[in-house]
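This report describes a protein chain through its core, surface and charged pairs. Please consult the sequence and the model shown below while reading.

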Amino acid sequence: TRVAERTRFLSEEIHFTERLLDTADVLIAYINPEDKLERWNKFGQIVTGLSVDEAERRLAKYARDENSPLQPVFDPRCPDEISGRMAAIPAEDGTERVLTWSARRFREGPGMWGRLIIGIDVTEQKQLETTLQNYNAYLEDMVKQRSRELKTKNAQLIHTARLASLG
């Protein structure tokens with residue numbers, strides 16, 4: 001009974017984690033020690049338009065291409081930890097998305113290393129920054145306009161009070 005309960009609990013935790021990874025607005029990939037793409041979350045599929053099988057072939061191609069800025073990111077034998085590398089990844093429709101890449105080796109067992117890869121969409125970040133800047137400018141304009149209105153209203157009240165005191 002305890003084993004069944006523990007198995008059910010772990011299964012629920014795995015499903016929760018998988019749903020979490022799939023709903024993140026971050027590309028998450030994992031290449032296991034046998035160079036097999038084991039994790040390719042839904043955001044990765046959306047950004048690139050690639051299924052898991054297509055992505056596995058494409059990422060292996062990047063890993064072998066010495067001239068690609070994505071080579072150290074996707075090369076499972078690369079011992080280097082990558083952090084904050086900006087590089088475009090081509091989508092299936094011919095467009096490119098610029099992502100900030102992080103990658104690190106992930107030990108699965110003695111002498112067995114996989115590669116955990118995270119890609120954050122810079123385009124989304126830039127759009128958010130632009131939206132925030134526009135909103136900030138809008139708020140500043142509103143504050144300036146309201147300040148002018150209050151100054152004008154105060155000047156009118158002072159002028160009215162002076163006239164009342166004279167008359």
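Is Lys36 buried, partly exposed or exposed? With a relative accessible area of 42%, Lys36 is partly exposed; buried means under 20% relative accessible area, exposed over 50%, and partly exposed in between (1.4 Å probe, protein chains only).

## Basis of the model

The model is predicted: local features need pLDDT of at least 70, side-chain atom pairs count only at pLDDT 80 or more, and totals for chains, interfaces and linings use all residues. Residues are numbered from 1 along each chain as its sequence is written, and side-chain values use heavy atoms, with hydrogens and water left out.

## The nonpolar core

The largest nonpolar core contains 22 residues. Such a core is a set of buried Ala, Val, Leu, Ile, Met, Phe, Trp, Tyr and Cys residues joined through side-chain atoms within 4.5 Å. Phe74, Ile89, Trp101 and Ile117 have the most contacts inside it. At least two residues each come from strand 1 (27-31), strand 2 (37-40), helix 2 (42-48), helix 3 (52-64), helix 4 (71-74), strand 3 (82-90) and strand 4 (96-109). Helix 3 gives the most to this core, namely four residues. Helices (H or I, at least four residues) and strands (E, at least two) are DSSP runs numbered from the N terminus.

Neighbours within four places in sequence aside, the contacts of Ile117 (heavy atoms within 4.5 Å) include Leu27, Ile28, Val73, Phe74 and Trp101.

## Buried loop residues

Leu70 lies in the loop between helix 3 and helix 4 and is buried, with a relative accessible area of 2%. Beyond residues up to four places away in sequence, Leu70 touches Tyr62, Ala87, Ala88, Ile89 and Trp101. The C-alpha atoms of Leu70 and Ala88 are 8.3 Å apart, although the two residues are separated by 18 residues in sequence.

Asn41 belongs to the loop between strand 2 and helix 2. Its relative accessibility is 0%, so Asn41 counts as buried. The Asn41 side chain reaches the backbone nitrogen of Ile28 at 3.0 Å.

## The loop between strand 1 and strand 2

Both Asp35 and Lys36 are placed in the loop between strand 1 and strand 2. Asp35 is partly exposed at 36% relative accessibility. Its phi is near 65°, a positive value in a residue other than glycine. Most residues other than glycine have a negative phi.

Lys36 touches Tyr30, Ile31 and Glu56, not counting residues up to four places away in sequence. Lys36 and Asp53 are 17 residues apart in sequence, with a C-alpha to C-alpha distance of 9.6 Å.

## Salt bridges

How many salt bridges does the count come to? The count comes to five, a salt bridge being a side-chain nitrogen of Lys or Arg within 4 Å of a carboxyl oxygen of Asp or Glu. In one of them, Glu56 pairs with Lys36, and the closest N and O atoms are 3.3 Å apart. Glu56 lies in helix 3 and Lys36 in the loop between strand 1 and strand 2, so this pair ties together parts that are 20 residues apart in sequence. Glu56 is buried, with a relative accessible area of 18%.

A further salt bridge joins the side chains of Arg97 and Asp121 (2.3 Å, N to O). Because Arg97 lies in strand 4 and Asp121 in strand 5, the pair ties together parts that are 24 residues apart in sequence. Arg97 is partly exposed, at 21% relative accessible area, whereas Asp121 is buried, at 2%. Strand 5 spans residues 112-121. Leaving aside neighbours within four places in sequence, Asp121 is in contact with Phe43, Arg97, Val98 and Leu99.

## Helix 5 and its surface

Glu149 and Arg146 both lie in helix 5, three residues apart, about one turn of the helix. They form a salt bridge, with the closest N and O atoms 3.2 Å apart. Glu149 is partly exposed at 37% relative accessible area, and Arg146 is partly exposed at 47%.

Tyr135 is also found in helix 5 (residues 122-166). Together with Tyr138, Leu139 and Met142, Tyr135 forms a nonpolar patch on the surface, with about 410 Å² of accessible area in total. Patches consist of residues with over 30% relative accessible area and no salt bridge, nonpolar side chains (Val, Leu, Ile, Met, Phe, Trp, Tyr) being joined within 5 Å and like charges within 9 Å. Accessible areas come from the Shrake-Rupley method with a 1.4 Å probe, and for residues only the protein chains shown count as cover.

Notes
Polar contact = N/O pair within 3.5 Å; in protein donor to acceptor, adjacent residues only side chain to side chain.
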